[in-house]
Amino acid sequence: MDCHKAIELVPEYVVDTLSSEDRAALQRHLDEGCQRCRQELDEQAEAASLLGEALHPVNPRAELRAKLLEQIDSEPQLPTTEIAPSTRQHESKANTGDKPFRLIDCFPFVAASLLAVAAGSLLANVANRQSVDDSLVQVELQLKEQWQRRIIAAEQAFGPPRAQIVGLNATSEQQFQAAIFYDRIAKQLHVMASQVPPPPAGQHPYLWLLDPEGRVLTGNPLKYIDFNRAAAIVDLPSLPKNIAGALITYESSGNPSEPRGTVVRRTTLKQTS
Amino acid sequence: MAAVSDGDKTAFTQLYDRHVPMVYALCLKIMRRESDAEAVVSDVFLEVWRKPGNFDTSRGSFRTYLLTLTRSRAIDRWRAAATRLKKTLEASVAVESRSHQFEEFEPSHVVQTRERSVAVREAIQQLDEPQRETLRLAYFEGLTHREISERLDMPLGTVKTRIRHGLQRLRLSLSALGESGGLS
Ligand SMILES: [Zn+2]
């Protein structure tokens with residue numbers, strides 16, 4: 001689908017009146033990384049959301065708030081950010097040899113982790129309504145950013161015994177580092193890979209997780225978060241037990257079901273524990 | 001399992017308090033029944049708590065993200081309920097009258113109106129009636145363009161045009177609101 005056709009479908013995409021075929025076709029176009037259409041979509045979505053915002057606000061029963069907070073209380077504990085000694089060991093070992101790829105199946109770093117950073121300033125300002133508003137704005141703005149930093153930090157932060165670390169032998173000579181975490185609450189796999197150079201024009205980086213026979217378990221587009229680091233959030237109902245390798249390819253068509261493009265990075269994921 | 005830290009929860013609570021009247025209003029509009037609306041509010045805020053990475057600051061304001069998420073979860077539930085109801089009716093089982101669900105909801109607590117809300121309502125008022133009706137059926141009732149064209153007895157092309165022009169007009173109002181990923 002070209003941009004002209006895509007932009008034509010955007011209004012109906014945001015109010016959700018498209019047929020499933022048109023919807024899927026537009027989604028593929030967006031997944032290919034077209035920034036222009038993505039921006040068009042974001043702006044139209046913002047316009048559409050005015051329809052909801054124009055409603056008179058209504059407070060729900062206080063019981064709902066209490067119930068929700070209770071539910072959040074019962075969610076699994078967040079990992080702390082202290083660096084476990086064993087992780088440090090792992091770090092130093094890693095730095096002497098191949099750049100490791102790690103698979104860390106840990107308890108999730110949910111919203112709270114992200115909110116926590118801003119929460120301090122928020123609490124300090126709680127007496128002043130305006131400051132609270134400002135702080136909330138900060139919380140909202142920082143959510144995503146903090147999460148991305150968290151991924152980077154997490155490689156150091158999550159260590160045994162809570163985390164299950166899987167060491168990987170990188171078969172590539174190229175320097176390549178990645179952190180992979182499975183968030184059990186969100187049911188999402190978070191991947192952050194460094195040393196992934198930008199692809200040629202018209203191509204997009206894809207991450208593939210492979211089973212021991214080299215069959216594709218998942219394939220997802222990677223999004224650059226800066227010059228040579230790319231990240232992906234993959235919805236997965238559970239962490240596949242048989243992940244054995246990972247590939248990064250540059251693909252020129254959207255939503256490929258298997259790697260077809262240039263292989264940029266390749267590594268085995270070998271469980272050591 | 002130990003509880004999450006107090007600081008985290010406080011921040012989340014503040015987000016909830018700030019945005020829940022808007023979220024709940026939209027849920028009520030779509031779901032119509034308080035209990036159903038509350039269920040969607042819970043879904044939405046739990047999702048915000050569990051999947052913070054889904055909110056991308058580069059793609060707009062938190063308010064827009066929240067409203068989009070709310071609308072989508074509410075419509076999903078509404079459609080699922082409609083499917084269940086249809087199946088029940090097909091099975092010729094007596095069901096609770098739906099009329100209750102379609103009663104206009106009388107808000108129990110209308111919270112203070114902010115300046116922005118007034119401006120937003122004015123923006124909606126500036127749509128012409130056919131545009132507003134078409135957008136309403138799509139946004140709040142989750143009808144497909146085909147269903148809308150049947151409901152309003154007009155060609156598909158007209159439905160598409162109205163949606164496109166209606167959104168275009170709302171978009172112009174956005175700039176008048178000084179909206180550029182604003183958060184207040
Ligand atoms: Zn495009």
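1. Leaving aside neighbours within four places in sequence, with which residues is Asn220(A) in contact? In this predicted model, the partners of Asn220(A) are Pro205(A), Tyr206(A), Leu207(A) and Val234(A). Asn220(A) itself belongs to strand β6 of chain A, which covers residues 216-221. Asn220(A) counts as buried because its relative accessibility is 19%, and the cut-off for that class is under 20%.

2. For the complex, the predictor reports an ipTM of 0.77 together with a pTM of 0.59. Chain A has an average pLDDT of 67, and 56% of its residues score at least 70. One stretch of chain A with pLDDT below 50 covers residues 77-129; beyond near neighbours in sequence, this stretch has 147 contacts in the model. Another such stretch of chain A, residues 144-173, also has pLDDT below 50 and makes 105 contacts beyond near neighbours in sequence. Where pLDDT is low, the predicted coordinates should not be read in detail.

3. For chain B, the mean pLDDT is 75, and 72% of the residues reach 70 or more. Within chain B, confidence is highest in helix α6 (residues 129-139), with a mean of 92, and lowest in helix α4 (residues 99-102), with a mean of 30. The pLDDT is below 50 over residues 91-113 of chain B, a stretch with 28 contacts in the model beyond near neighbours in sequence. Residues 179-184 of chain B likewise have pLDDT below 50, and that stretch has 19 contacts beyond near neighbours in sequence.

4. The secondary structure of chain B comprises 8 helices and 0 strands. Read along the sequence, its pattern is accordingly written α-α-α-α-α-α-α-α. Of the 184 residues in chain B, 48% are buried. Among contacts in this chain between residues at least 6 apart in sequence, 64% join residues at least 24 apart.

5. A contact between the two chains deserves attention. On the side of α1(A), the residues involved are Glu8(A), Pro11(A), Glu12(A) and Val14(A); they meet Lys160(B), Ile163(B), Arg164(B) and Leu167(B) in α8(B). The residues of this contact divide into 4 nonpolar, no polar and 4 charged.

6. Glu46(A) lies in helix α3 of chain A, residues 35-53. Is Glu46(A) buried or exposed? Glu46(A) is buried, because its relative accessible area is 9%, and the limit for that class is under 20%.

7. Ser61(B) is located in the loop of chain B between α2 (34-50) and α3 (62-90). With a relative accessibility of 1%, Ser61(B) counts as buried. Its side chain makes a polar contact with the side chain of Thr64(B), at 3.0 Å.

Terms used
Residues are numbered from 1 along each chain as its sequence is written. Chains are lettered from A and ligands numbered from 1 in the order in which they are written. This is a predicted model: local features need pLDDT of at least 70, side-chain atom pairs count only at pLDDT 80 or more; totals for chains, interfaces and linings use all residues. Side-chain values use heavy atoms; hydrogens and water are left out. Helices (H or I, at least four residues) and strands (E, at least two) are DSSP runs, numbered from the N terminus. Buried means under 20% relative accessible area, exposed over 50%, partly exposed in between (1.4 Å probe, protein chains only). A polar contact is a pair of N or O atoms within 3.5 Å; within protein, one must be able to donate a hydrogen and the other to accept it, and residues adjacent in sequence count only if both atoms are side-chain atoms. pLDDT is the predictor's confidence in each residue, from 0 to 100. Contact means heavy atoms within 4.5 Å. Ala, Val, Leu, Ile, Met, Phe, Trp, Tyr, Cys and Pro count as nonpolar, Asp, Glu, Lys and Arg as charged, and the others, Gly among them, as polar.
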